[in-house]
Amino acid sequence: MTLTKKKFRYIAIFFPNKPALEPGKFFDEFSGRFIEVFGAMEYFNSLSRLIKSKESVDNVFILKCNLDSLSSTLISLYLLNQEIITVSISGTLKQVKKKSHLFRKSFFESQTSIKNPSFEHV
């Protein structure tokens with residue numbers, strides 16, 4: 001019998017509203033929704049975890065889940081009563097962090113350009 005390594009996916013979730021939830025509250029709400037929709041066995045098989053990083057950003061959380069339960073995880077995120085944006089899904093933590101930083105930078109640049117439009121005088 002050969003042992004296979006479990007494959008995981010990392011999902012970067014962005015909260016566009018400034019007062020983001022506490023990570024613990026968010027994960028409790030996510031877990032509750034996942035169990036409501038797919039059941040406790042599927043939840044425990046998903047091996048879902050909230051990743052804590054040294055360079056954590058206020059409004060971006062990174063969720064780790066089993067590759068086989070990626071679709072269930074995304075559906076559970078969609079069914080939350082929160083305004084969230086799924087920024088990136090990747091197989092490596094390094095790549096998802098890189099993409100989330102680029103997204104966050106471009107998101108805030110676009111927000112400042114909307115608030116402060118520059119007009120040209122002809």
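Predicted model: local features only at pLDDT ≥ 70, side-chain atom pairs only at ≥ 80, totals over all residues.
Student: Why is N66 called buried?
Tutor: Its relative accessible area is 8%. Buried means under 20%. The value is under the cut-off, so N66 counts as buried.

Student: Where is N66 found, and which residues does N66 touch?
Tutor: N66 is in strand 3, residues 60–66. Leaving out residues up to four places away in sequence, N66 touches K7, F8, N45 and S46.

Student: What makes the N45 and N66 pair a polar contact?
Tutor: The backbone oxygen of N45 lies 3.3 Å from a polar atom of the N66 side chain. The limit for such a pair is 3.5 Å. The distance of 3.3 Å falls within that limit.

Student: Why is K99 called partly exposed?
Tutor: Its relative accessibility is 36%. Buried is under 20%, and exposed is over 50%. The value sits in between, so K99 is partly exposed.

Student: Which residues is K99 in contact with, beyond its neighbours within four places in sequence?
Tutor: V87 and S88. K99 itself belongs to helix 4, residues 93–115. K99 and V87 are 12 residues apart in sequence, and their C-alpha atoms are 7.6 Å apart in space.

Student: How do you know that strand 1 and strand 4 pair?
Tutor: Count the bridges. Pairing needs at least two. Strand 1, residues 8–14, is joined to strand 4 by 5 bridges. That meets the cut-off, and the two strands run antiparallel. Within this pair, I11 stands opposite I89.

Student: What is the order of the strands in the sheet?
Tutor: The 4 strands of this open sheet come in the order 2-3-1-4, with antiparallel pairing. Strand 2 and strand 4 are called edge strands because each pairs on one side only.

Student: Which residues of helix 1 are buried?
Tutor: F26, F27, F30, S31 and F34. They cover an arc of only 130 degrees around the axis, so they lie on the same side of helix 1. The face turned away from that buried side carries the exposed residues K25, D28 and E36.

Student: What do the buried residues of helix 1 pack against?
Tutor: Strand 1, helix 2, strand 2, strand 3 and helix 3.

Definitions and conventions
Residues numbered from 1 in each chain as written. Heavy atoms only, no water. Buried < 20%, exposed > 50% of the residue type's maximum accessible area, 1.4 Å probe, protein only. Polar contact = N/O pair within 3.5 Å; in protein donor to acceptor, adjacent residues only side chain to side chain. Contact = heavy atoms within 4.5 Å. Arc of directions from axis to C-beta.
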